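My entries follow in the order in which I made them.

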Amino acid sequence: MNIYSFLKSLGIANPSGSGWLAVVFTFLLALVLSWNLIPRIRKFALRVGWADQPNARRLNKEPLPNAGGLAIYAGVIAAVTLASLLRPIELENVLAQVLTVLLGGSILVLVGFIDDQFGLPASFRLLVQILTALLLVANDIGFDLTFNTPIDSTLSTLLTVLWVVGITNAINLMDGMDGLAGGVSFITAMSLLAVSAQSYNRAASTLVLAALGGSALGFLRHNFYPSKIIMGDAGAYFFGYVLAATSILGELQITTVLSILPPVAFLLLPVLDTTQVFVRRLAKGKNPLSTPGKDHLHHRLLAWGLSQRRAALILWGITLICNWLGMTIREMPPEVIIATTISIVLLLAFTVWRKMQSA
C-alpha cells in the first residue's frame, strides 16, 4: 500500500491531495497555540488568583493555576477557524452539527470557568449540562433507538442526555491527578479522529478532533507531573462534552444492546471509573453525587504506592487498549489501527520526554 492509498484509506486524501494537510495543519496549530499560550495564562492566573488551593482531597501542595481550560479552548477554536478559512469545508449536515458541538462546548467552558473561580451550585451545573445535551438532540446528534416502540424517541433522547452528561462529568472527575484527564482525552480524540477520517463527508468533525487532540497534547506538556497548571472544570467539561458528542456524531442506530458498544469502548475508562465510584458509594449508604473523594481509580493506584507518573502511564495504557478495542469494533483497517496506535504512543513519549527535560 503506497502513501496515497494509505491516506485515502484514512479518508484524508482527496483529488487535490490537500485533505490530509488540512488535518495535520489543524493538529499542529492547536498544539503550538496551547503549548505556548499556557505559560502566559499560568502567569496571569497566579497574579489574579485563579488557582486551586491545597486541601485534604487535592494532591497539589501549593496553589495551582486552574485556567488551563482557557488555553485548550482557545487552541481548538483558533485552529478550526483558521483551517476552515484556508480550506473551506463543504456545507453539509455535519458542519451544522459540529458548530452545535462547539456551541455547547463553549457554554460549558464559560460555566466551568465561573465555577472554578467563584463556585456554582451543583444543580445549576447539571441543568446547563442537560440543556447542552438537549442542544445536540435538537440537531440530530445522539443515539437513535429503533426497537419499533412508541417511546423510541423519548428513550433515544434520555440515552443521549445520560451519555453526554455522564461523560462530561466522568472526564471532570478523572481530573484529579497530573496528566490523567489530558492524556485520556488526547488518546480518545486521536482514536475518534481516525474513525472520523474514514468518511470524507465528515471533514468538519475530523478537523475538530484534530484540533482537540493537538490542544490536549500541548496542554499535557505543562500538566504531566509535576504539573504547572490544571485544566479546571472549564477544560474538563469541554473535553468531556466534545468527546461524548463526537463519539455519537452521525447515524448511530441502536437495534440491539450491543449497538452501543462502539462509543462506550472509546470512553470505557472514564465510564468504569465513574461507575465503580457510584456503586461503592451506594454500597456504603453514601450519596454518589456527594463531594468528590479519594475513591477513584487513580487514587487507588496512588494508595498502592505508585507515583503519579506511573499511575498516569498505566491508565494511559488502559485507555489506549480500550480505544484499540473501539477501533476494532468499528471494523477499521488493521493498518489504520496500527498507525493510529503508534502515532499516539510516539506523540505521548515525545511530550513526556520534553516535560522531563524541563522539569
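**Entry 1, ground rules.** I am working with a predicted model, in which local features need pLDDT of at least 70 and side-chain atom pairs count only at pLDDT 80 or more, while totals for chains, interfaces and linings use all residues. Residues are numbered from 1 along each chain as its sequence is written, and side-chain values use heavy atoms, with hydrogens and water left out.

I looked up the secondary structure and found 14 helices and four strands in the protein chain; helices (H or I, at least four residues) and strands (E, at least two) are DSSP runs, numbered from the N terminus. Of the 359 residues, 52% are buried, where buried means under 20% relative accessible area, exposed over 50% and partly exposed in between, with a 1.4 Å probe and protein chains only. Among contacts (heavy atoms within 4.5 Å) with a separation of 6 or more, 76% join residues 24 or more positions apart.

I checked the length of H14 (residues 334-358), whose 25 residues reach 37 Å from first C-alpha to last, close to the 36 Å expected at 1.5 Å a residue; the expected span is 1.5 Å times one less than the number of residues. Its buried residues include Val-336, Ile-337, Leu-348, Thr-351 and Lys-355.

The axes of H8 (residues 203-223) and H14 come within 8 Å and cross at roughly 30°; axes are lines fitted to C-alpha atoms, for helices over the stretch in contact, and angles run from 0 to 180 degrees between N-to-C directions. The two helices are therefore roughly parallel to each other, a label for angles under 35 degrees, with over 145 counting as roughly antiparallel, 65 to 115 as roughly perpendicular and the rest as oblique. On the H8 side I noted Leu-217, Leu-220, Arg-221 and His-222, which meet H14 residues including Leu-347, Leu-348 and Lys-355. By class, this contact has four nonpolar, three polar and three charged residues; Ala, Val, Leu, Ile, Met, Phe, Trp, Tyr, Cys and Pro count as nonpolar, Asp, Glu, Lys and Arg as charged, and the others, Gly among them, as polar.

H3 (residues 68-86) packs on H8 at an angle of about 145°, with the axes 9 Å apart. Residues of H3 such as Gly-68, Ala-71, Gly-75 and Ala-79 are in the contact, and Leu-207, Ala-211 and Phe-219 are among those of H8. The class count for H3 with H8 is eleven nonpolar, three polar and no charged residues.

How many of the residues of H9 are buried? In H9 (residues 232-246), 15 of its 15 residues are buried. In the loop between H8 and H9 lies Pro-226, and the peptide bond from Tyr-225 to Pro-226 is cis, with omega near -5°.

Most residues other than glycine have a negative phi, and most peptide bonds are trans. Asp-140 has a positive phi of about 60° although it is not a glycine, and this residue is exposed, at 62% relative accessible area. Glu-331, in the loop between H13 and H14, likewise has a positive phi of about 60° and is exposed, at 72%.

Asn-323 sits in H13 (residues 308-329) and is buried, with a relative accessible area of 0%. Not counting residues up to four places away in sequence, Asn-323 touches Ile-187, Thr-188, Ser-191, Ala-265 and Phe-266.
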